[in-house]
Amino acid sequence: MSPGNNIQPYTVRPHVRGGQPTGKWQLDTPPHLSSNGKRKREMFETRSAAEREAKQRLQRLAAGTTPVAPLGLGLRSLCGVRLNRLAEMWSEHRLRQVELDKRAVSTFETNLHQLKPLLAFFGNDDIALIDETRIEDYQGHRLKQGRKPRTINSEVGTLKVILGWAKKQRLIAVVPDVQQLRPKDTIIELPTPEEVVRIISALPKRLRVLVLALAETGCRKSELFGLPWEDVDEIRGVIWVRPHSERLIKNEQSIRPIPISDQLLEAIRKLPKEGFYVFPGRKEGKPIENFRKALKTAVEQAGVERNGKAMHLTPHMFRKAYATWQAERGIEETTLQTLLGHARGSKVTRKVYVHPQIEARRKAVFELQLTEPNSKEKLDRKKNI
């Protein structure tokens with residue numbers, strides 16, 4: 001560390017008197033972290049001692065054990081912590097929770113991914129100055145970059161989670177409340193069961209059973225990619241989604257048994273039982289990781305089109321297709337939530353995964369009788385009366 005560098009929000013610098021260094025080092029504590037609400041300066045014999053104390057205080061700050069002076073009402077005071085540093089502190093805290101199995105690793109990974117554009121925009125901002133206006137600037141910035149409202153809303157949601165943690169640590173007084181962007185209603189095109197059959201036939205043999213499993217179980221791709229042979233119950237006709245030494249599971253609701261069809265069970269039985277995974281990748285001992293290119297080629301060869309172009313299809317869309325087909329079959333929502341690994345009562349199932357397609361909507365067409373019935377119809381009516 002160079003002289004005068006920060007261990008934010010603390011500052012370690014050489015002590016100077018009369019323009020000359022005294023050989024001692026001072027540790028500056030910002031007002032909002034001192035007991036009396038005033039900046040505090042302490043002297044240390046060496047730089048290492050001052051830095052060590054600053055790091056210890058930073059750890060206590062992250063743990064929420066540092067007393068903080070109350071902010072004056074109506075005043076906006078600088079916190080002394082930039083979002084870059086807060087993100088590091090929050091990430092360390094959240095990682096500990098993941099390691100203790102208090103948080104899902106997948107959610108943490110999503111947060112880290114969403115942090116990248118947030119830090120590119122807010123990184124050098126003092127967190128006390130991130131208000132509604134500043135966040136609206138971010139929303140406009142991301143819209144200009146061509147990002148969808150749902151994506152921006154998720155990113156702002158992650159920002160508010162981190163700022164909420166900062167409030168809990170008493171680094172800021174309030175978390176800004178900002179209105180979400182209104183997502184545009186778009187019709188999500190999903191393949192029909194008949195089209196999926198054609199796609200499966202056009203796939204390489206090594207991928208056919210995998211796509212059949214995606215379409216018939218609604219599993220997340222990661223759940224099937226990492227499926228070990230020990231989680232296939234051939235006697236009961238069930239596959240288990242649960243954690244093992246090589247795979248973590250998104251949340252508790254994701255741990256579940258999924259009954260499978262006789263067709264899928266027989267197809268799995270015929271697969272070579274070599275290695276740990278049911279669907280191994282090209283690298284020995286590793287599961288399959290990606291087959292988008294092969295899927296795209298199969299869609300084109302199967303002639304599955306929308307608006308005159310080959311349909312855009314991803315592995316995750318089979319999960320949405322499964323949820324939609326089951327809802328159209330009349331499967332109870334709580335049962336569907338259990339099958340998908342969603343929490344009971346979750347709104348995600350209905351809002352994100354079920355998308356009534358055009359054929360299902362066509363069944364709801366209602367037609368009023370505007371034309372006069374012909375003479376034969378009138379005679380039939382009188383007989384019925």
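Tutor: We begin with Asn 307, which is placed in the loop between strand 8 and strand 9 (309-310). Please keep in mind that this is a predicted model.

Student: Why does Asn 307 count as exposed?

Tutor: The term exposed requires a relative accessible area over 50%. Asn 307 has 79% relative accessibility, and therefore counts as exposed. Its phi is near 55°, a positive value in a residue other than glycine.

Student: How do you know that the length of helix 2 agrees with its number of residues?

Tutor: Helix 2 covers residues 83-99, which are 17 residues, and at 1.5 Å a residue it should span 24 Å. The C-alpha atoms at its ends are 24 Å apart, so the two values agree. Among the buried residues of helix 2 are Leu 86, Met 89, Trp 90 and Val 98. Just after helix 2, Asp 101 takes a positive phi of about 65°.

Student: What makes Arg 85 and Glu 88 a salt bridge?

Tutor: A salt bridge needs a side-chain nitrogen of Lys or Arg within 4 Å of a carboxyl oxygen of Asp or Glu. The side chains of Arg 85 and Glu 88 meet at 2.7 Å, N to O, and form a salt bridge. Both residues lie in helix 2, three residues apart, about one turn of the helix. Arg 85 has 15% relative accessibility and so counts as buried, whereas Glu 88, at 44%, counts as partly exposed.

Student: How many salt bridges does a search of the whole structure find?

Tutor: The search finds 16 salt bridges. One of the pairs is Lys 160 with Asp 177, whose closest N and O atoms are 3.7 Å apart. That pair links distant parts of the chain, 17 residues apart: Lys 160 is in helix 5 (residues 149-168), and Asp 177 is in the loop between helix 5 and helix 6 (193-202). At 27% relative accessibility Lys 160 counts as partly exposed, while Asp 177, at 60%, counts as exposed.

Student: What makes Arg 306 and Glu 195 a salt bridge?

Tutor: The cut-off is again 4 Å, and the closest N and O atoms of Arg 306 and Glu 195 are 2.8 Å apart. This pair also links distant parts of the chain, with Arg 306 in strand 8 (residues 305-306) and Glu 195 in helix 6, 111 residues apart. Glu 195 has a relative accessible area of 11%, and therefore is buried. Elsewhere, Glu 234, Glu 266, Arg 269 and Lys 273 are linked in a network of salt bridges.

Student: How many aromatic pairs does the structure hold?

Tutor: The structure holds six aromatic pairs. In one of them, the rings of Trp 90 and Phe 108 have centres 6.2 Å apart and planes at 50°, so the pair is tilted. Trp 90 lies in helix 2 and Phe 108 in helix 3 (residues 105-122), so the pair ties together parts that are 18 residues apart in sequence. Both Trp 90 and Phe 108 are buried.

Student: Why is the pair of Phe 276 and Tyr 277 called edge-to-face?

Tutor: Centres must lie within 6.5 Å for a pair, and planes over 60 degrees apart count as edge-to-face. The ring centres of Phe 276 and Tyr 277 are 5.0 Å apart and the planes are at 90°, so the pair is edge-to-face. Phe 276 is partly exposed at 34%, whereas Tyr 277 is buried at 6%.

Student: Which residues have the most contacts inside the largest nonpolar core?

Tutor: They are Leu 210, Phe 279 and Phe 291, in a core of 43 residues. Helix 7 gives the most to this core, with eight residues. A second, separate core of 39 residues includes Phe 44, Ala 54, Leu 58 and Val 178.

Conventions:
Residues numbered from 1 in each chain as written. Predicted model: local features only at pLDDT ≥ 70, side-chain atom pairs only at ≥ 80, totals over all residues. Heavy atoms only, no water. Helix = DSSP H or I, 4+ residues; strand = E, 2+ residues; numbered from the N terminus. Expected span 1.5 Å × (residues − 1). Buried < 20%, exposed > 50% of the residue type's maximum accessible area, 1.4 Å probe, protein only. Phe/Tyr/Trp six-rings, centres within 6.5 Å; stacked < 30°, edge-to-face > 60°. Core = buried A, V, L, I, M, F, W, Y, C linked by side-chain atoms within 4.5 Å.
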